[in-house]
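Have the viewer open as you read.

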Amino acid sequence: MTTNENATAAERHPSGDERRSRSAPRRREQRMAVGDRRARDSAGIILGTMDYGTVIDESRAFAILDRYVELGGEWLDTANCYSFWVDDSGVGGASERVIGNWLQARPGARDAVRIATKVRHNPLIPHRWPESAEGLSRRAIRAGLEASLDRLGVERVDMLWAHAEDRDVTLEETVHAFGELVSEGKADRLGAANHACWRVERARTIAMRDDLEPWTAIQLRHSLVLPRPLASVPEGGHRMLTPDDLDFAADAELTIWAYTPLLHGGYVRPDKPFSEAYDHPGTRRTLEALDHVSQALQSTKNQVVLAWLMAQGISPIVGASRLEYLDEAMDASSIKLTESQLAMLNSAR
């Protein structure tokens, strides 16, 4: 082999240090751009689309998506596993397909919304969950996102989440797989849903050490009322936002998204009471304070809960199933709680 051939081979297969050196400037530029976008983000209503294509048919989903954009909404939250548990196929993908069909039917809609999807948990064998649930290996992450992009009909997503932990795979492998997808332009930002904050911090340390895009957002369950400490909720896999998560996110300047903020209608619907985990004196005190504030503001209890979250810089994910529910939620963005109202709600919890 000649010297020139050796040089060509070295260029084709650079060492790890050389790869990091060559890609570092571009990745730093990407992270600076993402950081700029993150700095411009403010807490707002995220549209949850979990039930699209299953519980909510396509025509109703289109109407909700249209109204959300009309009202100034920006983020759509979905996942590759939505909603395999109610889909006759036994696998996920219905929600992403509906969003993709909507984007195709609405020229210009892609520029009006930002799309967040998740990998992890989609059954690889129909009706065989959790034993066949995809994990967070490099192969699974890449295959999961490629399938999501195909269903959505887009070349990239604005946020890619790790839907849950996978402790059978090293964090190094997961972090590198996510970082590669950002470098390839298939995802703009990365986030961790349902992760312990110490694992998010460790993953971020690995990413920054290896000059990769780190997770810059966390997604956890959170609402005004709290379950008893260590009490389990009926929805398996839900991880509660804790004071440690809040402190960590503030210190690391992470975005926080909160799912199940309205607790399935429990604040306003007697036919949908809170689960047993919420049966304690703190809940009763909090509901009394909530009733007082909502009456003072002439707003609904749901709106006050959403306004309370946004006042803390937390973006609630709202899975509105009807237009009137969406209108109510979006109106919460204009509600400004006073310091005394916030103190009343916080002290009651």
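## Starting at Val98

Val98 is buried, with a relative accessible area of 4% (buried means under 20% relative accessible area, exposed over 50%, partly exposed in between, using a 1.4 Å probe and protein chains only). Its place is in helix 4; helices here are DSSP runs of H or I with at least four residues, strands are runs of E with at least two, and both are numbered from the N terminus. Set aside the neighbours within four places in sequence, and Val98 is in contact with Tyr52, Gly53, Glu58, Ala61 and Phe62 (contact means heavy atoms within 4.5 Å). Thr54 is 44 residues away from Val98 in sequence, with 9.8 Å between their C-alpha atoms.

A word on the ground rules: this is a predicted model, where local features need pLDDT of at least 70 and side-chain atom pairs count only at pLDDT 80 or more, while totals for chains, interfaces and linings use all residues. Residues are numbered from 1 along each chain as its sequence is written, and side-chain values use heavy atoms, with hydrogens and water left out.

## The chain as a whole

Zooming out, the protein chain has 13 helices and eight strands. Of its 349 residues, 51% are buried. Take the contacts between residues at least 6 apart in sequence: 77% of them join residues at least 24 apart.

## Salt bridges

There are 24 salt bridges in the structure, each being a side-chain nitrogen of Lys or Arg within 4 Å of a carboxyl oxygen of Asp or Glu. In one of them, Asp66 pairs with Arg106 at 2.8 Å, N to O. The two come from distant parts of the chain, 40 residues apart: Asp66 sits in helix 3 (residues 58–70), and Arg106 in the loop between helix 4 (94–105) and helix 5 (109–112). Asp66 is partly exposed at 26% relative accessibility, and Arg106 is partly exposed at 28%.

Another bridge joins Glu235 to Arg221, with 2.7 Å from N to O. Glu235 is in the loop between strand 6 (217–221) and helix 9 (243–252) while Arg221 is in strand 6, so this pair ties together parts 14 residues apart in sequence. What about exposure here? Arg221 is buried, at 3% relative accessible area, whereas Glu235 is partly exposed at 23%.

There's also a network of salt bridges, linking Arg138, Arg142, Glu146, Glu180, Glu184 and Lys186. Within it, Glu184 bridges to Lys186, their closest N and O atoms being 3.6 Å apart. Glu184 is partly exposed, with 41% relative accessibility.

Helix 13 (residues 339–348) has buried residues at Gln341, Leu342, Leu345 and Ala348. Looking down the helix axis, they fall within an arc of 140°, so they line one face of the helix (the arc is taken from the directions from the helix axis to the C-beta atoms). An α-helix has 3.6 residues a turn, so residues three or four places apart point the same way.

Cover for the buried residues of helix 13 includes helix 10 (281–297) and helix 11 (301–311). On the face turned away from the buried side are the exposed residues Glu339, Ser340 and Ser347.

Two cis peptide bonds are worth a look. One runs from Tyr82 to Ser83, with omega near -20°, and Ser83 is in the loop between strand 2 (75–77) and helix 4. Another joins Trp129 and Pro130, with omega about 10°; Pro130 is in the loop between strand 3 (114–119) and helix 6 (138–152).

Positive phi turns up too. His121, a residue other than glycine, has phi near 95°; it is found in the loop between strand 3 and helix 6 and is partly exposed at 21% relative accessibility. Asn194 is not a glycine either, yet has a positive phi of about 60°. Asn194 lies in the loop between strand 5 (187–193) and helix 8 (197–209), and counts as buried at 11%.
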